[in-house]
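This report covers domains, sheet and helix packing. Please keep the sequence and the 3D view at hand while reading.

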Amino acid sequence: APSSRVSLTVNGTRRTVTVDNRTSLLDLLREHFELTGSKKGCNAGACGACTVLVDGQRVNSCLTLAARLEGAEVTTIEGLADGDRLHPLQQAFVDQDAFQCGYCTPGQIMSGVGCIKEGHTGSPEEIREWMSGNICRCGCYVKIVRAVEQTVG
Ligand code: FES
């Protein structure tokens with residue numbers, strides 16, 4: 001199958017790989033780079049479990065082709081904490097008890113980081129709207145919104 005050589009930055013580290021042109025960013029992260037924080041729920045853009053930031057923009061990594069990411073800067077859940085210090089939104093998820101099984105949490109947090117970055121935090125409704133592509137089967141939505149609100153202050 002046709003493949004491409006790509007250089008991209010993942011969580012601050014420059015990486016160069018040869019990938020099959022059909023490889024998703026999600027598979028690149030999980031299978032080539034062993035960054036398994038981003039989860040594969042639906043693999044079809046419907047659940048948000050695979051959410052990461054590409055050049056600061058929220059994307060579903062299952063729908064993003066790795067071969068197109070030459071020069072891109074990718075941030076995953078593994079890249080959020082500063083050493084032992086959690087990112088404020090990670091801490092807020094702990095404080096607000098915003099997860100049960102935890103499967104959707106990395107995607108929720110990356111989506112929430114995008115929400116805060118883009119300033120869609122004017123009201124709980126606005127946050128909920130922004131986060132609506134991130135499904136939580138445990139139904140933690142109220143607490144997830146609170147965690148985003150806590151982070152904004
Ligand atoms: Fe990508 Fe569900 S795994 S949106």
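## Domain contact

In this predicted model, 13 residues of domain 1 are in contact with 13 residues of domain 2. Two residues are in contact if their C-beta atoms, placed from the backbone, lie within 7 Å. Strand S3 (residues 51–54) gives the largest share of the side of domain 1 that touches domain 2, with three residues. By class, that side of domain 1 has six nonpolar, five polar and two charged residues. Ala, Val, Leu, Ile, Met, Phe, Trp, Tyr, Cys and Pro count as nonpolar; Asp, Glu, Lys and Arg count as charged; the others, Gly among them, count as polar.

The assignment gives domain 1 as 3–79 and domain 2 as 88–152. Such bounds come from an automatic or database domain assignment. The C-alpha centres of domain 1 and domain 2 lie 21 Å apart.

## Numbering and confidence

Residue numbers start from 1 along each chain as its sequence is written. The model is predicted: local features need pLDDT of at least 70, side-chain atom pairs count only at pLDDT 80 or more, and totals for chains, interfaces and linings use all residues.

## The sheet

Five strands form an open sheet. Their order is S2-S1-S5-S3-S4, and the pairing is mixed. Strands (E, at least two residues) and helices (H or I, at least four) are DSSP runs, numbered from the N terminus. Two strands pair if DSSP finds at least two bridges between them. The edge strands are S2 (13–20) and S4 (57–60), and each pairs on one side only. From one strand to the next, the twist averages 40 degrees. Angles run from 0 to 180 degrees between N-to-C directions, and axes are lines fitted to C-alpha atoms, for helices over the stretch in contact.

Strands of a sheet pair through backbone hydrogen bonds, either parallel or antiparallel.

## Strand S3 and its partners

S3 and S4 run antiparallel, joined by four bridges. Thr51 stands opposite Asn60 in S4. Val54 stands opposite Gln57 in S4. The hairpin of S3 and S4 has two residues between the strands. There, Asp55 takes a positive phi near 50 degrees.

S3 also pairs with S5 (residues 73–75), in the antiparallel sense, over two bridges. Val54 stands opposite Val74 in S5. Leu53 has Thr75 as its bridge partner in S5. Helix H3 packs on the sheet, touching S3 and S4. The direction of H3 makes about 40 degrees with that of S3.

## Helix H3 with H5

H3 (residues 105–117) and H5 (residues 141–152) pack at an angle of about 45 degrees, with their axes 11 Å apart. H3 and H5 are therefore oblique to each other. Angles under 35 degrees count as roughly parallel, over 145 as roughly antiparallel, 65 to 115 as roughly perpendicular, and the rest as oblique. The crossing of H3 and H5 is right-handed. A crossing is right-handed if the near helix is turned clockwise from the far one by less than a right angle, and left-handed if anticlockwise.

From H3, the contact takes in Gln108, Gly112, Cys115 and Ile116. They meet Ile144, Ala147, Val148, Thr151 and Val152 in H5. The residues of this contact divide into six nonpolar, three polar and no charged.

## Helix H2 with H5

How near do the axes of H2 (residues 88–95) and H5 come? They come within 8 Å and cross at roughly 130 degrees. H2 and H5 are therefore oblique to each other, and their crossing is right-handed.

Pro88, Leu89, Ala92, Phe93 and Asp95 in H2 meet Ala147, Gln150 and Thr151 in H5. Five of these residues are nonpolar, two polar and one charged.

## Helix H2 with H3

H2 and H3 pack at an angle of about 125 degrees, their axes 10 Å apart. That makes H2 oblique to H3. H2 passes H3 in a right-handed crossing.

In H2, Leu89, Gln90 and Phe93 take part. Their partners in H3 are Thr105, Ile109, Gly112, Val113 and Ile116. By class, the contact of H2 with H3 has five nonpolar, three polar and no charged residues.
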